[in-house]
Each structure stands twice: as structure tokens, then as C-alpha cells.
Amino acid sequence: MHAVPIPSIESGTGRLNIANGAAVLHGFALDDASALLEAVEAVRVAAPFRHLVTPGGHTMSVAMTNCGSLGWVSDRKGYRYAPLDPESGKPWPALPRIFETLAERAAAELGFSGYRPECCLINHYLPGTRLSLHQDRDEKDGVAPIVSVSLGLPATFLWGGFERSDKTTRIPLSHGDVVVWGGPSRMRFHGVAPVRDGEHPATGRCRINLTFRKVM
Ligand code: MD3
Ligand code: FE
């Protein structure tokens with residue numbers, strides 16, 4: 001079922017296949033990076049980054065916001081997608097056109113045509129910030145891929161198996177990389193190792209990650 005256990009480089013394409021339906025598209029967002037970051041600035045004015053609290057009472061070290069018709073939120077009551085920003089009581093900012101276009105083009109590279117995510121969760125990492133191993137399982141659509149876009153400081157993505165205790169593979173992600181996670185990989189445990197200190201010309205001292213999600 002999981003037929004590609006070992007990452008394989010497809011020469012010349014800038015594409016790293018990591019499993020059936022999952023691949024890193026190196027530099028796929030480079031040409032759009034400054035426009036994407038401008039759009040993030042507009043989103044954060046309307047819906048600032050905030051540290052969500054987990055149902056267990058821990059404050060997440062990643063700061064998050066959303067755009068789209070639904071946003072991912074967490075509090076003591078649980079994780080869910082919500083149409084309103086709980087901080088403002090207003091709808092999340094709309095998905096910027098450049099976000100929609102990039103996500104659809106990236107998904108199409110892996111053969112997922114007509115990708116129309118309702119949500120873009122935007123994660124903000126300062127040096128030292130990490131995201132512990134988890135599964136993304138709050139989406140009703142467990143088949144559509146998640147598309148992620150890395151901007152700014154590099155990070156090491158931790159890619160696990162189907163049990164939390166499975167060993168993880170480390171995948172370096174840098175500015176402009178796009179990853180499409182579909183097919184059987186969709187429910188794998190994954191996380192991000194603590195971001196190392198540094199300066200990036202596009203973002204300064206932080207990493208921004210966009211994850212597009214087909215929720216309904
Ligand atoms: C693999 N974000 O927001 S993106 C998340 O870099 C999240 O901010 C990380 O994990 C980040 O939930 C990683 C890549 C990603 C997203 C979802 C996945 C990889 C995935 C779902 C299944 C498998
Ligand atoms: Fe995730």
C-alpha cells in the first residue's frame with residue numbers, strides 16, 4: 001500500500017517524491033514569494049497571528065491565523081474549523097487570489113485537478129519554535145491533498161508513519177518550497193523541528209508556512 005518507502009529524486013524536475021501522492025516541489029513558489037508575503041501582511045492586519053491553546057491546556061509555540069471561508073482553531077473545547085475568527089467575531093479574510101492560484105497549480109502537478117481549498121492556515125515560526133508530531137484529521141475530506149508553502153527561514157520537516165511512535169524522516173524545507181501531501185500519506189504523523197536562528201532577506205527572523213486545506 002505504501003509503495004515508496006525511500007525518497008527518490010526525479011532528476012532535473014526539482015521534484016522529490018516522498019510517497020504515493022506526496023512530493024516536494026523545490027522552489028515552486030519562488031516567483032510568487034514576495035506577492036504571497038504581501039498577501040500575508042494584509043491577512044495579519046485583519047486577523048493577527050495568535051497562540052492557540054490546545055484542548056490539554058498547552059499554549060502552542062507556533063502563532064497562527066487563517067484566511068478563507070473556514071479557519072482552523074483550537075481552544076479548551078477542542079480543535080475545529082470555524083467560519084468566524086473567534087478573536088474578532090468576523091469572517092476570516094478571503095483567500096487572496098494568488099493563494100488560490102498557487103495551491104491549484106501545485107496540486108495539479110501531482111494530478112489532483114480542480115483543487116479548491118476552503119482554508120489556508122498560516123503558521124508563524126520564530127527561531128526556536130517547533131510543531132510537535134500530530135496528524136491533520138479535522139477535515140471531513142480526508143482524500144484531497146494538503147498543500148504547504150514554506151517562506152523565509154528554512155526548517156526541518158519531520159515525516160513519520162501512521163503511529164506516533166513510528167520513526168521519522170527529516171526533510172529540509174526552504175524558502176519557496178511547496179509540498180503536496182495527498183493519497184495514503186495524508187494521515188501520517190508529521191511535525192517541524194525547532195527553527196534555527198537566522199535572518200532571511202524575504203521575512204527577517206521568521207518562517208511562515210501556508211497550509212491549504214480542503215475541509216468539507
Ligand atoms: C503531511 N504545518 O499546519 S506543513 C500544520 O511547516 C503543519 O507549518 C507544518 O503540519 C508547517 O498542520 C507542516 C506540511 C504538512 C501539512 C499537513 C500534512 C504536511 C503534512 C498532513 C499530512 C501529512
Ligand atoms: Fe499538520
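Student: How much space lies in the largest pocket?
Tutor: In this predicted model, about 800 Å³ lies in the largest pocket. A pocket is an open set of points on a 1 Å grid over the protein atoms alone, where a 1.4 Å probe fits, with protein on both sides within 12 Å along at least five of seven lines. The volume is the space filled by probe spheres set on the points.

Student: Which residues lie nearest its centre?
Tutor: Leu 131, Ser 132, His 134, Asp 136 and His 190 do, out of 37 lining residues, which have an atom within 4 Å of a point.

Student: And where does ligand 1 sit?
Tutor: Ligand 1 sits in the largest pocket, meaning that more than half of its atoms lie within 2 Å of the grid points.

Student: Which residues come nearest to ligand 1?
Tutor: There are 18 residues around ligand 1 (a heavy atom within 4 Å), and Asn 123, Tyr 125, Arg 186, Arg 207 and Arg 213 come nearest. The side chain of Asn 123 has an N or O atom 2.9 Å from an oxygen atom of ligand 1. For Arg 207, an N or O side-chain atom is also 2.9 Å from a ligand 1 oxygen. Arg 213 has a polar side-chain atom 2.9 Å from an oxygen of ligand 1.

Student: How much of the ligand's area does the protein cover?
Tutor: The protein covers 98% of the 490 Å² of accessible area (Shrake-Rupley, 1.4 Å probe) that ligand 1 has on its own.

Definitions and conventions:
Residues numbered from 1 in each chain as written. Chains lettered and ligands numbered in written order. Predicted model: local features only at pLDDT ≥ 70, side-chain atom pairs only at ≥ 80, totals over all residues. Heavy atoms only, no water. Polar contact = N/O pair within 3.5 Å; in protein donor to acceptor, adjacent residues only side chain to side chain.
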